[in-house]
Amino acid sequence: MSDSAPILDVRALYKSFGHLEVLKGIDLQVKPRELVFVIGPSGSGKSTLLRCCNRLEEPNSGSIRIEDIDILAPGVDINAVRRRIGMVFQSFNLYPHLNALGNVTLALRKVEGKTREEAESLGIQALTRVGLAEKAKSFPNELSGGQQQRVAIARALALEPVIVLFDEPTSALDPELVGSVLSVMRELRESGMTMVVVSHEMRFAQSAADRVIFMDDGRILEQGPPEQLFNAPDHPRIQEFLRTIQAH
Amino acid sequence: MLDRLVDTFFNWQVMSEYLPKIVEGFVITIQLALAVVVSGIACGLVLAMVRSFRMRPVNFLIIGVVDVLRALPPLVIIIMFYFALPTVGIKMSAFVATWLALSLVLAAFSEEIFWAGILAVPKGQWEAARSTGLTFLQTLRFVVMPQAVRITIPPLTNRTIAITKGTALGAVVAVGEILYQAQTAYSFSYNPSPLTMGAIAYLILFIPVVYFGRWVETRFAWKR
């Protein structure tokens, strides 16, 4: 990994919901072209961390910089920042009243101000990248879960983000549909996209991740290359977690 | 017996004499109904969208006014506007009083329906839209409202039909709509046939609307 400046730079991040402290001082740097995989038991704060990175959740303290822009600064144009950060959700969250192309082009037209023609040509490119150009006119309810998630990935890619955040992208999918989404993510990674992935797909992590982060109770317990974290973790907590995951 | 029935309710002479009046009333009812539907639903939609900003004092105000308007019988509001407001210097025609009163009632009910529709749109839709850089208003307009409106169309259609029929209440303050024309003709002719015509006029006007409502209900039934 090169020593270039990080795309995402999180420092001393704290987040509470009421009295419940969910993030207890997270430091995370993600370099260009890096794929960082975040694992950990549910409730450990993985999703919250991701959601703080585009301010779907407001952190209580700490700093988050995307390409050296302090996204928590007062007066920052958060909508401009969010354009640079793609996000893919567990439940896809496609717009049911728009077809696949409409889902992908909405932000291109309304946020980037592109004409319908420009937006649609970019939208088709994005759908082609996820292998769904022929489904451009299909509505979400006409697509399988895996196809819906790939459209959601295309929606994020169309804005040419500098980083894409994946929040359990395959957890809501039937097992036989997981592969198609993972292969899209793998291609994305090979094309040099910077990615942070919260997921339980350990096999994917082992083959595709540059770094795996284990979170527990709002803290990063251990991080390292997948072979190290999966095969020889320092922490007994991680060994235990990996056993429960592999049990099924 | 049958002759007497026909003579009383379907007296051809009386009917032909007063047909122009009923047609006149028909036109006014349509004007009034359209005006109420357009302004009432538009106003309800705007109120629901304002409410989605969740500004506390504003929302308390909206909820308070909406609840009052939903609790009051529309006839009471019409009579207040037409007879009570002039005493404080606010004068309006019978048509305007009826239009305003019914519009406000429809606005109140449709605001509640639209609001329920907005709440029914999953949070993930907001998050997905905002994560692509859409502003709150753009998200509301291009992502949330299209879905909310779709959910609300069946209940809204029913409520709109119910309130639009309330145009007949305008007869009380002498708006020249169908019922008023029919009643006036009845008192001139001493024959209830104009009332029959009035009823038929309402059927001609509202049966298609009721059918439209039923069609809309099946057409927009939300696919899950």
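**View 1. Strands 1 and 4 of chain A run antiparallel.** Strand 1 (residues 8–17) and strand 4 (residues 61–66) of chain A pair over 5 bridges; helices (H or I, at least four residues) and strands (E, at least two) are DSSP runs numbered from the N terminus, and pairing takes at least two DSSP bridges. Look for V10(A), whose bridge partner in strand 4 of chain A is I64(A). This is a predicted model, so local features need pLDDT of at least 70 and side-chain atom pairs pLDDT 80 or more, while totals for chains, interfaces and linings use all residues. Residues count from 1 along each chain as its sequence is written, with chains lettered from A and ligands numbered from 1 in the order written.

**View 2. Zooming out gives an open, antiparallel sheet of 4 strands in chain A, ordered 2-1-4-5.** Strand 2 (20–30) and strand 5 (69–70) of chain A sit at the edges with a single partner strand each, so one side of each has no neighbour in the sheet.

**View 3. Chain A meets chain B.** On the chain A side, 20 residues are in contact with 17 of chain B. Helix 2 (78–83) and helix 3 (100–110) of chain A each supply at least two residues of that chain A side, and helix 2 of chain A gives the most, with 4 residues.

Definitions and conventions:
Two residues are in contact if their C-beta atoms, placed from the backbone, lie within 7 Å.
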